[in-house]
Amino acid sequence: MIGAWIRFVLSVVCLLIGLFFMLVAVFGVNRFHKALNRMHAAALGDTLGILFVILGLILMRGFSMDSLKLFLVVLFFWIASPVSGHMISRLEVMTDQELGEVALIHREEQNKEPDSGEE
């Protein structure tokens, strides 16, 4: 009986922590002005928020086939989220005029041949 209550309290704590991280991510996305800063806030909130929410659900349900499926959802999300975030940020750098100029200047510096000092 006591073990069930401890498991319930731990699952509620994990759910509340996950909801807190998601709520902070919402405020971070609305506070920042640039797209890359917004993506950073959203990615951190999603990663930690979903981890704790699904961990709370796993603890609430108990260790079964359902908890294995929930763990696989977390694993897939942790694999797919960084890749999609990287692709979106590269697209933002290529299309944004201010960031595009920075990337273009950096690219031109790499293509420049070093001066040998001969005239």
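The legends below describe several views of a predicted model.

The model is predicted, so local features are reported only at pLDDT of at least 70 and side-chain atom pairs only at pLDDT 80 or more, while totals for chains, interfaces and linings use all residues. Residues are numbered from 1 along each chain as its sequence is written, and side-chain values use heavy atoms, with hydrogens and water left out.

**Figure 1. Overall view of the chain, with four helices and zero strands.** Helices (H or I, at least four residues) and strands (E, at least two) are DSSP runs, numbered from the N terminus. Along the sequence the pattern reads α-α-α-α. The chain has 119 residues, of which 16% count as buried; buried means under 20% relative accessible area, exposed over 50%, and partly exposed in between (1.4 Å probe, protein chains only). Among contacts with a separation of 6 or more, 68% join residues 24 or more positions apart, a contact being heavy atoms within 4.5 Å. The accessible surface is about 9,500 Å², and carbon and sulfur atoms contribute 70% of that area. Accessible areas come from the Shrake-Rupley method with a 1.4 Å probe; for residues, only the protein chains shown count as cover.

**Figure 2. Helix α3, residues 65-95.** This helix of 31 residues reaches 45 Å from its first C-alpha to its last, close to the 45 Å expected at 1.5 Å a residue; the expected span is 1.5 Å times one less than the number of residues. Its buried residues are S67, V74, S81 and S89. The cover over these buried residues includes α2 (35-61).

Figure 3. A salt bridge is a side-chain nitrogen of Lys or Arg within 4 Å of a carboxyl oxygen of Asp or Glu, and the structure holds one. Of the two partners, R61 counts as exposed at 54% relative accessibility, whereas D66 is partly exposed, with a relative accessible area of 32%.

**Figure 4. The pair L36 and I88.** L36 lies in helix α2 and is partly exposed, its relative accessible area being 30%. In sequence, L36 and I88 are 52 residues apart, and in space their C-alpha atoms are 9.0 Å apart.
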